[in-house]
Amino acid sequence: MFYGTMKVAIGGPLKLAFRPWVEGMENIPAEGPAILASNHLSFSDSFFLPSVLHRKVTFIAKAEYFTTPGVKGRLTAAFFKGVGQLPVDRSGSRGAGEAAVKSGIEVLERGELFGIYPEGTRSPDGRLYRGKPGGLARVALATGAPVIPVAMIDTEKIQPPGKVVPKLMRPGIRIGKPLDFSRYEGLAHDRFVLRAVTDEVMYEIMKLSGQEYVDIYATAAKRQFAEAAKAQKEAERAAGKAADKAQEAAKASPGPAGTEEAEKEKPAE
């Protein structure tokens, strides 16, 4: 009931303002469990996709969104619950992956749609990164639910980092045909099978999205970008200090005028 209210309150204005286009809606089953595996370009992905679907889809979100104290925290928790987000406790020994598997299985056992981002985090530069096998593949093999690849298009351009006011433009959503992994039944603990399932899904997402694929994890790419940015700042700081020292040295050394006066003061030979 609350989900329906929030979908009308949020999804309606989103569709009206941004008019997202959709391809492949016929690939979403009218009933029964299914996994929606999507690329992740923007925070808004979890709002645009549910807004165009007739069925409820449940995503996972970090537990901090649900446990922040105070009025703001309670409102935030209510909002995320209302839009179909489930809290994931990342403090366990195996982190968010184990919690995601448990949550996904529970959602699918109820015959519902479970949404997951195999990359594990938002793309730092719009490219598609290597999928993490711990969540997606294990949930798929444990439940036998079909995996439906989804590509979000241009959602990162609506509100780039640092921009407060979103840009009014039409994002897109491409929904691929369901993938059946029943041939791997009973192999949910085989890491090579988990890798194969994940890579197959990521390949389909790549075809749908047209993104450049990068065979490293997005989390590793974010670290690399952060380290590069830090190194650049340190280099700029060092260059600034060197320029300041050079300027101070230039001021301290006698110029041409000082040299001329010194020559005048020399006794005649």
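A nonpolar core here is a set of buried Ala, Val, Leu, Ile, Met, Phe, Trp, Tyr and Cys residues joined through side-chain atoms within 4.5 Å. Keep in mind throughout that this is a predicted model.

**Stop 1: the largest core.** Select Ile 35, Leu 141, Val 147, Phe 181 and Val 201, the residues with the most contacts inside the largest nonpolar core, which has 25 residues. Next, colour strand 2 (34–38), helix 5 (95–109), strand 5 (113–116), helix 6 (136–143) and helix 7 (191–209), the elements that each give two or more residues to this core. Helix 7 supplies the largest share, six residues.

**Stop 2: a second core.** Now select Leu 49, Val 52, Phe 59 and Val 150. They are included in a separate core of 22 residues.

**Stop 3: the second largest pocket.** Centre the view on Ser 42, Phe 43, Ser 44, Thr 155 and Gln 159, which lie nearest the centre of the second largest pocket among its 21 lining residues. The volume of this pocket is about 490 Å³. Helix 1 and helix 2 (45–52) are the elements that give two or more residues to its lining. By class, the lining of the second largest pocket holds 11 nonpolar, six polar and four charged residues.

**Stop 4: Thr 155.** Stay with one of the residues nearest the pocket centre, Thr 155. It sits in the loop between strand 7 and strand 8. Is Thr 155 buried or exposed? Thr 155 counts as buried because its relative accessibility is 1%, and the cut-off for buried is under 20%. Not counting residues up to four places away in sequence, Thr 155 touches Leu 41, Ser 42, Ser 44, Asp 45, Phe 48 and Pro 171.

**Stop 5: Asp 154.** Step back to Asp 154, in the loop between strand 7 (147–153) and strand 8 (172–175). Asp 154 is not a glycine, yet its phi is positive, about 65 degrees. Its relative accessibility is 24%, so Asp 154 counts as partly exposed.

**Stop 6: Arg 19.** Finish at Arg 19, in the loop between helix 1 (2–18) and strand 1 (21–23). Arg 19 also has a positive phi, about 50 degrees, although it is not a glycine. With 48% relative accessibility, Arg 19 counts as partly exposed.

Notes:
Residues numbered from 1 in each chain as written. Predicted model: local features only at pLDDT ≥ 70, side-chain atom pairs only at ≥ 80, totals over all residues. Heavy atoms only, no water. Helix = DSSP H or I, 4+ residues; strand = E, 2+ residues; numbered from the N terminus. Buried < 20%, exposed > 50% of the residue type's maximum accessible area, 1.4 Å probe, protein only. 1 Å grid on protein atoms, 1.4 Å probe; cavity = no way out; pocket = protein on both sides within 12 Å on 5 of 7 lines; lining within 4 Å. Points joined across faces, edges and corners; volume = space filled by probe spheres on them. Nonpolar A, V, L, I, M, F, W, Y, C, P; charged D, E, K, R; others polar. Contact = heavy atoms within 4.5 Å.
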